[in-house]
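This briefing sets out selected features of the structure shown below, grouped by topic. Each group begins with the elements concerned and then turns to individual residues.

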2 protein chains.
Amino acid sequence: MTTSRNEKDVTIGELNRSKILRAAEEEFASHGYKGARVQQIADRAGLPKTNVLYYFKSKESLYLAILENIMRLWNSRFDEATVHDDPARVLAQYITDKMEISRSHGNSSKIFALEIINGAPNLNDFFKDQHSKWMAGRVAVINEWIKAGKLKQTNPYYLLYNIWGTSQHYADFSTQITELQGSSMGQQDFENATKNLIHLILTGCDLTVPAEFR
Amino acid sequence: MTTSRNEKDVTIGELNRSKILRAAEEEFASHGYKGARVQQIADRAGLPKTNVLYYFKSKESLYLAILENIMRLWNSRFDEATVHDDPARVLAQYITDKMEISRSHGNSSKIFALEIINGAPNLNDFFKDQHSKWMAGRVAVINEWIKAGKLKQTNPYYLLYNIWGTSQHYADFSTQITELQGSSMGQQDFENATKNLIHLILTGCDLTVPAEFR
DNA sequence: TAAAAACCTGACTAGTTGGTCAGGTTTGAT
DNA sequence: ATCAAACCTGACCAACTAGTCAGGTTTTTA
């Protein structure tokens, strides 16, 4: 038996990095960038503060690393949709994806929301530009659907804002929801909320909900 | 001519207080509670920092004063609705009110959102309790509407979350919206978005949009 | 007009925070 | 066994922040 690592082992560095990232996500999500404390992140990760700074040069670089991970979550099947696809299926799937992110990556959603509310001071121009281009592309597809008679006349921007606003709400306002309902939302609640939302958005667009999303 | 103030005059104290509150709203909205700097609030208000602390004992008491103002905004005509009212009109009006708050009190909406995302650390139990009771009352009315056949079977919680999520989005994500649309939303845009949202929510509930909200 | 109340502020302080540094130990390849 | 790379951390510090305080000025009241 050899003591050297094989490909499946994780080095202690990799383990600590992921510990730190997880701890930092919680801390940033519940206090914002300026409000987050490096010492608190270290405590959550069960490491001395100095060790956190050993893996991540600074609080800022740690935050940017997290932000980069979050951006990757934003990708979805909607990105490649074209006028030839069925709007009902594409939108229903997109809503499902967004709701799933709210459920399984609540802290990421919160950090993103905080970033935007604060005026996106840490999102670089590259991301903003990329995001604008993505939006322009999606708006174009929606407009083509309308022109092709596959979707009723509607404002594509508001349509997307409605999807974002509703699905984000379940992550960002989870505290309020828990308070008001008396308990936090479980897997089943999320499934119901997703179906509810798909029905709302699709009906609002005069679309029929595909059987597989009912 | 007398130099003493008559009833219409505002004392210098009242003027400064409102200057400070306005400045603090901006600062808290764009940096959160922990991230906000008293010095920065003073600069925005055009006053020395010591003067800010003269009017408000501490950063916390200033924040709480703002939070109290915000809570007053949350009142709406929906609060007194009963089963005898028309759900279509009540909901359309409620959506209109919410959208108007997003338009005219964007910073307040943002501060509220930040507070909730961070787990509502500064909202006292009295408010939470009051809010829960309000929610229970509204849920009851919606359920009565359903029982009376005035509204189709639907989950009252999700209905309200959908209204909140969508309307808040226009305030909280204003930065993103401006970025994506190339310009910020004006009065007319808000009116269109409001009509769009009323149509969406009401159609989703099988309700007809009342003529005065079209 | 005189006293009281309200308003103002520069200089200071105690506490907190992100980050450095030097001197360690452990791990892995050869 | 050796050596370099990776990992670890207590002690420390410079910068910043909310808040104090004492000694003012201005405004209002009687």
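**Briefing on the predicted model**

With 17 C-beta neighbours inside 10 Å, Ala120(B) counts as partly exposed. The model that contains this residue is a predicted one. Ala120(B) sits in the loop between helix 6 (106–117) and helix 7 (125–147) of chain B, and its phi is near 55 degrees, a positive value in a residue other than glycine.

**Chain A as a whole**

- Chain A contains ten helices and zero strands, and its pattern along the sequence reads α-α-α-α-α-α-α-α-α-α.
- Along the principal axes, the C-alpha atoms of chain A fill a box of roughly 60 × 45 × 40 Å.
- Of the 214 residues in chain A, 36% are buried.
- Among contacts in chain A between residues at least 6 apart in sequence, those that join residues at least 24 apart make up 65%.

**Helix 5 and helix 8 of chain A**

- Two packed helices are described by the angle between their axes and the distance between the axes.
- Helix 5 (residues 87–104) of chain A packs with helix 8 of chain A at an angle of about 25 degrees, and their axes are 8 Å apart.
- Because angles under 35 degrees count as roughly parallel, this angle makes helix 5 of chain A roughly parallel to helix 8 of chain A.
- The crossing of helix 5 of chain A with helix 8 of chain A is right-handed.
- From helix 5 of chain A, the residues Tyr94(A), Ile95(A), Lys98(A), Met99(A) and Ser102(A) take part; they meet Ile163(A), Ser167(A), Gln168(A), Tyr170(A) and Ala171(A) of helix 8 of chain A.
- This contact of helix 5 of chain A with helix 8 of chain A has six nonpolar, three polar and one charged residues.

**Ile163(A) within helix 8**

- Ile163(A) belongs to helix 8 (residues 156–172) of chain A.
- Ile163(A) counts as buried because it has 23 C-beta neighbours inside 10 Å, where 20 or more are required.
- Beyond its neighbours within four places in sequence, Ile163(A) is in contact with Tyr94(A), Ile95(A), Lys98(A) and Ile201(A).
- Ile95(A) is 68 residues away from Ile163(A) along the chain, yet their C-alpha atoms are separated by 6.7 Å.

**Helix 5 and helix 10 of chain B**

- In chain B, the axes of helix 5 (residues 87–104) and helix 10 (residues 187–204) come within 10 Å and cross at roughly 145 degrees.
- Helix 5 of chain B passes helix 10 of chain B in a right-handed crossing.
- The residues of helix 5 of chain B in this contact include Leu91(B), Ile95(B) and Met99(B), and those of helix 10 of chain B include Phe190(B), Leu197(B) and Ile201(B).
- By class, the contact of helix 5 of chain B with helix 10 of chain B comprises eleven nonpolar, two polar and one charged residues.

**Contact between chain A and chain B**

- Chain A and chain B each give 39 residues to the contact.
- On the side of chain A that touches chain B, at least two residues each come from helix 1, helix 6 (106–117), helix 7 (125–147), helix 8, helix 9 (174–181) and helix 10 (187–204) of chain A.
- Helix 8 of chain A gives the largest share of that side, ten residues.
- The side of chain A that touches chain B has 14 nonpolar, 20 polar and five charged residues.
- In helix 9 of chain A, the residues Ser174(A), Thr175(A), Gln176(A) and Ile177(A) are buried.
- The buried residues of helix 9 of chain A pack against helix 6 and helix 8 of chain A, together with helix 6 of chain B.

**Surface near DNA strand D**

- There are 21 residues around DNA strand D, and Gly13(A), Thr50(A), Val38(B), Ser58(B) and Lys59(B) come nearest.
- Two or more residues each are given to this surface by helix 1 (12–35) and helix 3 (49–55) of chain A, and by helix 2 (38–45), helix 3 (49–55) and helix 4 (59–73) of chain B.
- The surface near DNA strand D comprises six nonpolar, eleven polar and four charged residues.

**Further positive phi values**

- Most residues other than glycine have a negative phi.
- Asp206(A), in the segment after helix 10 of chain A, has a positive phi near 60 degrees.
- Asp206(A) counts as exposed because it has 11 C-beta neighbours inside 10 Å.

Definitions and conventions:
Residues numbered from 1 in each chain as written. Chains lettered and ligands numbered in written order. Predicted model: local features only at pLDDT ≥ 70, side-chain atom pairs only at ≥ 80, totals over all residues. Near = placed C-beta within 6 Å. Helix = DSSP H or I, 4+ residues; strand = E, 2+ residues; numbered from the N terminus. Nonpolar A, V, L, I, M, F, W, Y, C, P; charged D, E, K, R; others polar. Buried ≥ 20, exposed ≤ 12 C-beta atoms within 10 Å, placed from the backbone. Contact = placed C-beta atoms within 7 Å. Axes fitted to C-alpha atoms, helices over the stretch in contact; angles between N-to-C directions. Parallel < 35°, antiparallel > 145°, perpendicular 65-115°, else oblique. Left-handed = near helix turned anticlockwise from the far one by under 90°.
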